[in-house]
Amino acid sequence: MAILIFKIIHFVFFVSWFAAMFYLGRMFVYHVEAFEKPEPDQSILIKQIGLMEWRVYRIIMNPAMIITWIAGLAMIYLYGWEWFKINTWLHFKILFLLILSAYHGYSKGVIKKLQSGIIPMTPMQSRLFNEIPTVMLILIVSLAVMKNMTNPMILIGSILIIIALLITFTKLYKSIREKNSNS
């Protein structure tokens, strides 16, 4: 029964963590674009978006990440070391969760830079940065659903090919949009 309780907690808080990362990433796009606005819009937008970024980061993202990790590690503990050793999908999942945690920490640095007037990325780079949690979500959920039914490297490779195609189409769409706006 304890495993099911931790699983529920894990699901609820990983959804919250991802929701916050999706929202924060979108705010980064708006924040970077706000620097291109004329005054007084620029100052108003930068101040408001910065406030929103910190609230999402501190009030939603941080607690959600911590509780997600605690519940996940509790489940691993309850399943036992032998179970952990034979479930290689989980090793890959943990690797991607570590990458996601690094993204989480890096986001704090992005907020600090934007708050101090440093623009750490272009609008297009901020849009691509915004997609990192989506990529991680696809990889992590695919591994959790497929478990040991497939080779994790083949699954990850297939998903990365799909992601590369999405990025290619995003850049293509951007160039078409820019070409049409110049006409």
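Modeller: Rings of Phe, Tyr and Trp (its six-membered ring) form a pair if their centres lie within 6.5 Å. This is a predicted model, in which local features need pLDDT of at least 70, side-chain atom pairs count only at pLDDT 80 or more, and totals for chains, interfaces and linings use all residues. Residues are numbered from 1 along each chain as its sequence is written, and side-chain values use heavy atoms, with hydrogens and water left out.

Colleague: How many aromatic pairs does the structure hold?

Modeller: The rule on ring centres given above decides what is a pair. By that rule, the number of aromatic pairs in the structure is eleven.

Colleague: Is the pair of Tyr-106 and Phe-129 stacked, edge-to-face or tilted?

Modeller: Planes under 30 degrees apart count as stacked, over 60 as edge-to-face and the rest as tilted. The ring centres of Tyr-106 and Phe-129 are 5.7 Å apart and the planes stand at 55°, so the pair is tilted.

Colleague: How many residues apart in sequence are the parts that this pair ties together?

Modeller: Helices are DSSP runs (H or I, at least four residues), numbered from the N terminus. Tyr-106 belongs to helix H4 (residues 88-115) and Phe-129 to helix H5 (residues 123-130), so the parts tied together are apart in sequence by 23 residues.

Colleague: Is Phe-129 buried or exposed?

Modeller: Buried means under 20% relative accessible area, exposed over 50%, and partly exposed in between (1.4 Å probe, protein chains only). Tyr-106, at 46% relative accessibility, is partly exposed. Phe-129 has 11% relative accessibility and therefore counts as buried.

Note on methods
Helices (H or I, at least four residues) and strands (E, at least two) are DSSP runs, numbered from the N terminus.
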